[in-house]
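Dear colleague,

I am passing on the structure we spoke about, and I would be grateful if you could look through it alongside the notes that follow.

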Amino acid sequence: MVNCKNICREIEEANYGEALTASTMEHLAGCGHCHRFYDDRRKLRQLVASLEPVSAPADFDMRVRSRLASYQNGARAGSLFANFTLGWPTLALASLVLVIGVTLALKLLNSPANSNVAVQDGSKSTVQTPKQEVPIYVGNEVVTNAGSRAGEQEAGGSIQRPKQPKKRSQPSSVASLRNGRRLATQEFSSSATPVVKKEEAIASIESSPVFQIEASPQPLRLSLDYSSGVSRTISVPSLSFGSERVLTGNGSLVKSSSKGSW
Amino acid sequence: METLSSIDELSFPVALRQEVIADSTSDHALLEATRKGDEDAFAELVSRYRNQITSYIYRMTNDYDGAVDLAQETFVRLYRAVDRYQSSYAFSTYIYRIATNLAISELRKRKRRRLVSLTGFFQAHDGRESCELDPVDERPLQDTELVATERRTAVQRAISTLPEKYRAPLILRDVEGRSYEEIARILQTSEGTVKSRISRARDFLREKMRAYL
């Protein structure tokens with residue numbers, strides 16, 4: 001049987017048409033198994049060898065030259081991207097860049113500097129008290145206390161500063177946000193409305209034609225103090241319901257129609 | 001106006017062509033000349049191997065137009081990689097390796113393009129290699145020439161259904177007549193593997209061609 005295996009290997013590895021050795025031929029004459037194997041292989045190889053060779057078309061050379069020319073032109077035109085193909089490495093790189101880009105964009109969007117609320121870490125959440133610009137009337141001029149002090153000096157100290165209403169602790173609310181941060185807000189709309197009695201108004205008019213009443217309701221001002229040190233103030237003007245007139249004793253009118261002040 | 005007897009004359013000057021052929025320059029020398037920019041030397045290489053390569057790829061892919069296209073691509077690849085060629089092996093080994101890689105790549109592309117594979121129904125479930133279904137038409141034909149043609153067609157079809165790892169060595173051995181050593185170098189594998197694969201390929205083919213044996 002070992003001999004048969006060797007014989008079959010010799011038959012298998014022989015070149016097509018090559019004569020086998022005498023000892024192999026002798027074995028084939030006496031071994032039916034090896035003879036059948038030899039016959040099968042011989043016929044099969046004959047069959048496969050019967051395949052006729054195929055010729056290239058007549059214009060094969062020209063087409064190769066044409067391809068080479070287009071390749072050379074292409075290589076000159078775009079040598080940088082000559083070997084660029086849209087394969088797996090390219091797609092993987094593009095996906096990676098996309099993921100990084102999206103991640104950065106999301107981080108930027110969620111960063112505190114871009115939020116529209118005053119968000120501070122921990123329990124140190126504070127709301128910056130808005131600087132209240134109180135209009136002061138000097139004759140026909142309107143000067144704010146945030147404005148130039150020159151106007152104040154020009155008036156020779158005759159400017160009547162209204163009595164600031166006593167500041168009351170304004171109600172504040174604290175809400176929890178995502179990421180363990182807290183939002184603190186303060187409601188200014190519930191601040192006390194100054195009351196000017198008619199007698200006081202008339203008396204002040206008699207001594208001086210100018211009187212000032214704090215606008216009520218005051219403009220809603222919301223100061224946002226970002227953790228990055230940037231602050232922003234949002235001012236919502238108060239509603240105006242038209243002009244108000246104060247009738248004095250001699251019938252003269254004091255009129256004011258400034259927004260929020262009268 | 002000068003008339004052309006063959007389209008080949010369009011590509012290469014007749015005098016130069018004959019001079020090159022008469023010189024019977026070795027493939028290595030032609031490739032060396034190509035490397036130095038001699039396009040006529042490359043043209044001679046093309047003319048020497050175009051039929052062999054086209055025929056080999058055709059046996060691998062069973063598609064003539066595709067085979068011609070891939071054969072041209074083989075020469076373009078050869079030209080592009082001419083600087084990287086090492087003359088330690090025969091030039092034919094080198095060009096057949098390029099052609100084999102292109103043909104196998106094409107076969108894999110085709111396999112991916114198939115929407116529905118019927119071969120799954122005929123896969124062996126015991127771990128053995130399996131062949132694609134390709135029932136042979138066993139109806140006899142009367143005319144002798146027709147019988148021979150039909151037989152060759154059946155052989156070609158049977159070969160084209162072999163798994164690619166068996167197909168290439170079988171064609172190189174039984175159709176192209178290459179030695180085991182050269183096949184091993186073309187396929188970049190060992191001689192033992194080549195012998196084993198050729199033996200398996202013949203077994204497959206024998207099963208498919210039983211009606212013709």
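**A glutamate in chain B, then the interface**

The side chains of B:E182 and B:R178 are joined by a polar contact of 2.9 Å. Please bear in mind from the outset that this is a predicted model, and that every value below was computed from it.

To place that residue, B:E182 lies in helix α9 of chain B, which covers residues 180–187. Is B:E182 buried or exposed? With a relative accessible area of 13%, B:E182 counts as buried, because the cut-off for that class is under 20%. Leaving aside residues up to four places away in sequence, B:E182 touches B:S92 and B:T93.

Among the contacts in chain B with a separation of 6 or more, 63% are between residues 24 or more positions apart.

Turning to the interface, 33 residues of chain A are in contact with 46 residues of chain B, and the two chains bury about 3,700 Å² between them, 59% of it on carbon and sulfur atoms. How many salt bridges are there between chain A and chain B? The count is 10, and one of the salt bridges pairs A:R45 with B:D174, whose closest N and O atoms are 3.5 Å apart.

On the side of chain A that touches chain B, α1 (2–13), α3 (32–49) and α4 (60–77) of chain A each supply at least two residues, and α4(A) gives the most, with 10 residues. Sorted by class, that side of chain A has 16 nonpolar, 5 polar and 12 charged residues.

With best wishes

Notes:
Residues are numbered from 1 along each chain as its sequence is written. Chains are lettered from A and ligands numbered from 1 in the order in which they are written. This is a predicted model: local features need pLDDT of at least 70, side-chain atom pairs count only at pLDDT 80 or more; totals for chains, interfaces and linings use all residues. Side-chain values use heavy atoms; hydrogens and water are left out. Contact means heavy atoms within 4.5 Å. Buried area is the accessible area (1.4 Å probe) that two parts lose on being put together, summed over both. A salt bridge is a side-chain nitrogen of Lys or Arg within 4 Å of a carboxyl oxygen of Asp or Glu. Helices (H or I, at least four residues) and strands (E, at least two) are DSSP runs, numbered from the N terminus. Ala, Val, Leu, Ile, Met, Phe, Trp, Tyr, Cys and Pro count as nonpolar, Asp, Glu, Lys and Arg as charged, and the others, Gly among them, as polar. Buried means under 20% relative accessible area, exposed over 50%, partly exposed in between (1.4 Å probe, protein chains only). A polar contact is a pair of N or O atoms within 3.5 Å; within protein, one must be able to donate a hydrogen and the other to accept it, and residues adjacent in sequence count only if both atoms are side-chain atoms.
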